[in-house]
Amino acid sequence: DSGVTQTPKHLITATGQRVTLRCSPRSGDLSVYWYQQSLDQGLQFLIQYYNGEERAKGNILERFSAQQFPDLHSELNLSSLELGDSALYFCASSVGTSGSRSSYNEQFFGPGTRLTVL
Amino acid sequence: GNSVTQMEGPVTLSEEAFLTINCTYTATGYPSLFWYVQYPGEGLQLLLKATKADDKGSNKGFEATYRKETTSFHLEKGSVQVSDSAVYFCALNYLNAGGTSYGKLTFGQGTILTVHP
């Protein structure tokens, strides 16, 4: 158990709908990262938050957004869903965010949310 | 930009066989390198890491050495077990053009390992 929790575990929805995925980081971790794992794209970084602020953006679509709340949990919002958005969405957390080679940046992954868009 | 290339899978071995999964990278400066493992139905777990050239990461019988001269971080295990069946991901810690380390990880495409009794 990594200490990172994600809900829900599975989500089935229809095209055009909107969903929210939730992540609670490990106790004490300030950074949260979102990744998408799909068969065709592999594992891709979407976005990172550190202590409530956006820190880095990857291949995240404009239809997707995220935020990190004062209690440090994070939510990933996916809207106008398409069939191609079906994937595993992972959240990871770490203590820090940048500038160090130490375990400060070591990321711990949650179990993922499997999204199926029908 | 930064990228990671892993050997194509899947890899199928018999128990107690020797395992090598190749990983090469392209990055500015000296990234930190990682191997993650994903067991069926689970999230990613950090298997081992190396933060500078010639470092050897090791865990659970797996080893990988950070080779700057060949930009490689190959994963090896001397004797695999059925319980090692999983997907293995090589990854690097993103560096910007100035060499500053950021937390986001760039992953290889993953290698599926199946070990038969």
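Start at Pro8(A), in the loop between strands β1 (5-7) and β2 (10-13) of chain A. Helices (H or I, at least four residues) and strands (E, at least two) are DSSP runs, numbered from the N terminus. Select Thr7(A) as well: the peptide bond from Thr7(A) to Pro8(A) is cis, with omega near -10°.

The model is predicted, with local features needing pLDDT of at least 70 and side-chain atom pairs counting only at pLDDT 80 or more, while totals for chains, interfaces and linings use all residues. Residues are numbered from 1 along each chain as its sequence is written, chains are lettered from A and ligands numbered from 1 in the order in which they are written, and side-chain values use heavy atoms, with hydrogens and water left out.

**Two loop residues with positive phi**

Select Ser80(A), in the loop between β8 (74-78) and β9 of chain A. Ser80(A) is not a glycine, yet its phi is positive, near 45°. Ser80(A) is partly exposed, at 41% relative accessibility; buried means under 20% relative accessible area, exposed over 50%, and partly exposed in between (1.4 Å probe, protein chains only).

Now go to Asp54(B), in the loop between β6 and β7 (56-59) of chain B. Asp54(B) also has a positive phi, of about 75°, although it is not a glycine. Its relative accessible area is 54%, so Asp54(B) counts as exposed.

**The disulfides**

A disulfide is a covalent bond between the sulfur atoms of two cysteines. Here the term is applied to a pair of cysteine sulfur atoms within 2.5 Å. The count by this rule is two disulfides over all chains.

Select Cys23(A) and Cys91(A), which form a disulfide with their sulfur atoms 1.8 Å apart. The torsion about their S-S bond is about -50°, so this disulfide is left-handed. Cys23(A) lies in strand β3 (residues 19-24) of chain A and Cys91(A) in strand β9 of chain A, so the pair ties together parts that are 68 residues apart in sequence. Cys23(A) is buried, at 0% relative accessibility, and Cys91(A) is buried, at 0%.

Switch to chain B and select Cys23(B) and Cys90(B), joined by a disulfide with an S to S distance of 1.9 Å. This link is left-handed, with -70° about the S-S bond. Cys23(B) is in strand β4 of chain B and Cys90(B) in strand β10 of chain B, so the pair ties together parts that are 67 residues apart in sequence. Cys23(B) is buried, with a relative accessible area of 1%, and Cys90(B) is buried, with 0%.

**The nonpolar cores**

A nonpolar core is a set of buried Ala, Val, Leu, Ile, Met, Phe, Trp, Tyr and Cys residues joined through side-chain atoms within 4.5 Å. Which residues touch the most other members of the largest nonpolar core? Select Leu19(B), Trp35(B), Leu47(B), Leu48(B), Phe73(B), Leu75(B) and Tyr88(B), out of the 26 residues in that core. Elements that give two or more residues to this core include β2 (11-14), β3 (19-21), β5 (33-38) and β8 (62-65) of chain B. The most comes from β10(B), which gives four residues.

A second, separate core has 21 residues, among them Leu21(A), Cys23(A), Ala87(A) and Leu115(A).

**The pockets**

Rolling a probe the size of a water molecule over the atoms shows where empty space is left. On a 1 Å grid over the protein atoms alone, a pocket is an open set of points where a 1.4 Å probe fits, with protein on both sides within 12 Å along at least five of seven lines, and lining residues have an atom within 4 Å of a point. Grid points are joined across faces, edges and corners, and a volume is the space filled by probe spheres set on the points.

Select Gln37(A), Ser38(A), Gly42(A), Leu43(A) and Phe89(B): of the 39 residues that line the largest pocket, these are the closest to its centre. The volume of the largest pocket is about 940 Å³. Elements giving two or more residues to its lining include β4 (31-38) and β5 (42-50) of chain A and β11 (101-107) of chain B.

Finish at the second largest pocket, with a volume of about 260 Å³. Of its 15 lining residues, select Asp1(A), Ser2(A), Phe109(A), Leu44(B) and Gln45(B), which lie nearest its centre. β6(B) gives the most to this lining, with three residues.
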